[in-house]
Amino acid sequence: MEILTILIPVSLGLGAAGLGAFIWALRNSQFEDPKGDSQRVLSDRWDDHPRQDP
């Protein structure tokens with residue numbers, strides 16, 4: 001039972017750290033354009049060679 005005095009604060013601390021990281025990501029626009037990112041990943045436009053300027 002004594003181990004619970006260590007495990008409960010540690011788990012609450014890790015949960016708070018995860019929540020803090022999520023809030024930080026929201027405030028720094030990490031989730032701003034998820035649709036555009038998914039389209040760029042699937043594009044094969046730049047896979048083989050860079051674009052040739054006309």
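Which residue follows α1 with a positive phi, near 60°? It turns out to be serine 29, and the picture around it comes from a predicted model, in which local features need pLDDT of at least 70, side-chain atom pairs count only at pLDDT 80 or more, and totals for chains, interfaces and linings use all residues. Residues are numbered from 1 along each chain as its sequence is written, and side-chain values use heavy atoms, with hydrogens and water left out.

Overall, the protein chain has 2 helices and 0 strands (DSSP runs numbered from the N terminus: H or I of at least four residues for helices, E of at least two for strands).

Helix α1 takes in residues 4-27, 24 residues in total, and its first and last C-alpha lie 34 Å apart, close to the 34 Å expected at 1.5 Å a residue (1.5 Å times one less than the number of residues). Valine 10 sits in this helix and is partly exposed, at a relative accessible area of 45%.

Back to serine 29: this residue belongs to the loop between α1 and α2 (34-42). Its phi is positive, about 60°, although it is not a glycine. Most residues other than glycine have a negative phi. With 42% relative accessibility, serine 29 counts as partly exposed.

Notes. Buried means under 20% relative accessible area, exposed over 50%, partly exposed in between (1.4 Å probe, protein chains only).
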